Amino acid sequence: MHGSLRIRKRMRRARAIILSCAFALIGLTCSAQITSYDNYPFINADIDTIHLDSTALKSFFVKIKEMKEGKRKNVIIVHIGDSHLQADFFTSLVREQLQRDYGNGGRGLIFPYRVAGSNEPNNYHSSATGEWKGRRCVMVSPSNIPTGIAGFGLQTYDSTSSIKVNIKNAADLNYSFTHMMFLHDKGPHCFNWVVYTSNDMKDSVVIKDSAARWSIGSDTVAFKDTMNLFTMCTLQKDTSQYEAMVYGMVLTNDQPGIIYHTIGSNGARYADYNHSQYFIQQLAQLKPDLVIVSLGTNEAFSKRFNPDAFENDIDSTLVNIKRVVPDADFLLTTPNDAFRSKRYPNPDIADAVDVIRREAKKYDAAYWDFYHIMGGYASMQKWYKRRLCQKDHVHFTAGGYTLQAELFNDALHKAIKDGLDKLAP
């Protein structure tokens, strides 16, 4: 009985987060330009810095230097988070600025969230035919659908189904692609896939699921031409094949530069990614040079927030990731200030911030303290009065996410510049 009660509470919490994100989507249909931090006196721009960067991010700086010198083709960043990242408003601005500065290696990881029944970034569009069921890592059902690198899993038993994805360019960045890495299940009962590599649906590549045993796999498709869309169709070779699972697609080009993967799942906590069946295994396939983790909002949102349990969950996440990508550097960001029930300031966020800062030092990770930079306890009300956050006092508006991105970009730019200066002969 207690177990079912916990499940119901968790489902209600997840639905609340989804609703909040839906409101965020309404307010984020246009962009906003922030001209000066002086316009926002509650911002502590003087402490806008990445801490411990000189030691924790040294390997990342070396790889940036090597890429600038032509000794390395790409530097790969993976940014993990919750609903603030699933919609890709904040992270798209970070990605675009880094790629303007250091080169555009491609759009990176995408997932057909819309097909899974969730909200999707506005910089690409997915659609499907046939019957599909999706699951987020925060949900307990459907229990037969495992989740992977995107914090989601997508399943079909329909042998005539398809997924179509159309990638949009940024204002001054071309996100067309030449390669797609497809993350999916492989096994004797999995459908084959046909990937149409031309707009007229004439050219195609067949991905055969011929593995003798169940496993997760990745297949890379090289497109004959530079693409901005593709269509994938299931193909049943015989009646022994009855299922397909999709975990994501990685889109890249042949250009040197930054590849910035965004991973976000509404309502997600550290524990949810720890319990995601294939998350760690598929993260290893992305081969990140820098892992950024922006979680803690949903842990602190609970009225039963436990700092010790939160610390243990961060421990598990960092240990698991370091095990599969031992050469990656780490950057932790703190959650923003947020209210409970739209009107009650949440003192537990400050405790969550303290835990994250301790964990960063413990694991030799850099950290960015957005909570104190934005104004600290109850500062979200000041953001709300300036139309920088939604009514839920958890998510931001277009202007708010733009301001957050500019603060993060400024801190990261300074860290990289200082790091490269120290590496100079």
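The residues that line the largest cavity divide into six nonpolar, nine polar and one charged, where Ala, Val, Leu, Ile, Met, Phe, Trp, Tyr, Cys and Pro count as nonpolar, Asp, Glu, Lys and Arg as charged, and the others, Gly among them, as polar. A cavity here is a set of points, on a 1 Å grid over the protein atoms alone, where a 1.4 Å probe fits but cannot get out, and its lining residues have an atom within 4 Å of a point. The model is a predicted one, in which local features need pLDDT of at least 70 and side-chain atom pairs count only at pLDDT 80 or more, while totals for chains, interfaces and linings use all residues. Residues are numbered from 1 along each chain as its sequence is written, and side-chain values use heavy atoms, with hydrogens and water left out.

The largest cavity has a volume of about 140 Å³, a volume being the space filled by probe spheres set on the grid points, which are joined across faces, edges and corners. Its lining is made up of 16 residues, and of these His-84, Ser-294, Thr-333, Thr-334 and Gln-404 lie nearest the centre of the cavity. In total there are two cavities of 30 Å³ or more, and the second largest cavity holds about 50 Å³ of space. Among the residues that line the second largest cavity are Leu-85, Asp-88, Arg-107, Tyr-113 and Thr-262. Two or more residues of this lining come from each of helix H4 (83–86), strand E3 (108–110) and strand E14 (257–264), where helices (H or I, at least four residues) and strands (E, at least two) are DSSP runs numbered from the N terminus. By class, the lining of the second largest cavity has six nonpolar, three polar and two charged residues.

Rings of Phe, Tyr and Trp (its six-membered ring) pair if their centres lie within 6.5 Å, and planes under 30 degrees apart count as stacked, over 60 as edge-to-face and the rest as tilted. Tyr-40 and Phe-42 form an edge-to-face pair, with 5.9 Å from centre to centre and 70° between the planes. Tyr-40 is buried, at a relative accessible area of 12%, and Phe-42 is buried with a relative accessible area of 12%; buried means under 20%, exposed over 50% and partly exposed in between (1.4 Å probe, protein chains only). Phe-177 and Phe-230 also form an edge-to-face pair, at 6.0 Å centre to centre and 85° between the planes. Because Phe-177 lies in strand E8 (residues 177–186) and Phe-230 in strand E12 (residues 229–235), this pair ties together parts that are 53 residues apart in sequence. Both Phe-177 and Phe-230 are buried.

Strand E8 also holds Thr-178, which is buried, with a relative accessible area of 11%. The side chains of Thr-178 and His-179 are joined by a polar contact of 2.9 Å, a term for a pair of N or O atoms within 3.5 Å; within protein, one must be able to donate a hydrogen and the other to accept it, and residues adjacent in sequence count only if both atoms are side-chain atoms.

In the loop between strand E7 (162–167) and E8 stands Asn-174, which counts as partly exposed at 45% relative accessibility. The side chain of Asn-174 makes a polar contact of 2.8 Å with the side chain of Ser-176.

Terms used. On a 1 Å grid over the protein atoms alone, a cavity is a set of points where a 1.4 Å probe fits but cannot get out, and a pocket is an open set with protein on both sides within 12 Å along at least five of seven lines; lining residues have an atom within 4 Å of a point.
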